[in-house]
Amino acid sequence: MNDQHHFKFSTGVLAYPLFFVLVIWFVFWLEVRFGFNFSKYGIYPQTLKGLRGVVFSPFIHGSIQHLYHNTIPLFVLSMALFYFYRPIAWKVLFFGIIVSGFLTWYIGRPSYHIGASGIIYLLVSFIFFKGVFAKYYRLIALSLLVVFLYGSMIWYALPLEEGVSWEGHLSGLIIGLLFALIFRRSIAKPKKYVWEQTDYNEADDPFLKHFDENGNFIEKANPEVEQEQPNINYTFKEKKD
């Protein structure tokens, strides 16, 4: 598939990430406005009831600071996903939320795990590794940009800070790498030039015919242009006496 099919801006590139962010803020507003506490709907590892958090936990946040820190990277990374990987963007998001949620449920501590940070780590991991595996200069540039902006987040995938769901972060990183290996199709491929084709023959290349076997330019004399001889027509008139 060509670049135009992939790297083409559309309304969805902005609309889908914006909608996702607005839903998260709306859920938090409901908690504050009506005094709800949705934390109990988060992932509680290794319990049947805690499985509902696989779906609900990305929309639940414990504080305005927690929500704020997740909003900007979630919006930016999801925009990059829909712009550069549009054919597989929904698959990455949907299955990423489910699979990383199950992994958090399996390896997590006995506590409620909430927040969209697991999705953020999923997107960081997927975008970085997919760009490296694709070996396409645009996607590699995106990978380097992601590392520059969010590379320091890797430390929060380790149990260094109390009260942080490092299990959710680690699950997102692992699943992002896994998806980068699985989703090999429907991504942009580097453009192959004529000389990179398998059936390329140097002898038939009109450009290379201007060089000899040692790489020296072959000067060809300009062909002589034959001048067209003009046709002269004579008209004779008889002289009258």
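Trainee: What should I know about the model before we start?
Mentor: This is a predicted model, where local features need pLDDT of at least 70 and side-chain atom pairs count only at pLDDT 80 or more, while totals for chains, interfaces and linings use all residues. Residues are numbered from 1 along each chain as its sequence is written, and side-chain values use heavy atoms, with hydrogens and water left out.

Trainee: How much space lies in the largest pocket?
Mentor: About 630 Å³. A pocket is an open set of points on a 1 Å grid over the protein atoms alone, with protein on both sides within 12 Å along at least five of seven lines; lining residues have an atom within 4 Å of a point. Points are joined across faces, edges and corners, and the volume is the space filled by probe spheres set on them.

Trainee: How does the lining of the largest pocket divide by class?
Mentor: Into 10 nonpolar, 12 polar and two charged. Ala, Val, Leu, Ile, Met, Phe, Trp, Tyr, Cys and Pro count as nonpolar, Asp, Glu, Lys and Arg as charged, and the others, Gly among them, as polar.

Trainee: What about the second largest pocket?
Mentor: That one holds about 320 Å³. Its lining has 13 nonpolar residues, one polar and no charged, and α2 (11–34), α4 and α5 each supply at least two.

Trainee: What is the volume of the largest cavity?
Mentor: About 180 Å³. In a cavity, a 1.4 Å probe fits but cannot get out. Of the 18 lining residues, Ile43, Ser57, Thr104, Gly115 and Gly118 lie nearest the centre. The largest share of the lining, four residues, comes from α5.

Trainee: Switching to Ser100, where is it found?
Mentor: In helix α5, residues 89–107.

Trainee: Buried or exposed?
Mentor: Ser100 counts as buried because its relative accessible area is 8%, and buried means under 20% (1.4 Å probe, protein chains only).

Trainee: What does Ser100 touch?
Mentor: Phe95, Ser171, Gly172 and Ile175, not counting residues up to four places away in sequence; contact means heavy atoms within 4.5 Å. Also, a polar atom of the Ser100 side chain lies 2.5 Å from the backbone oxygen of Gly96.

Note on methods
Buried means under 20% relative accessible area, exposed over 50%, partly exposed in between (1.4 Å probe, protein chains only). A polar contact is a pair of N or O atoms within 3.5 Å; within protein, one must be able to donate a hydrogen and the other to accept it, and residues adjacent in sequence count only if both atoms are side-chain atoms.
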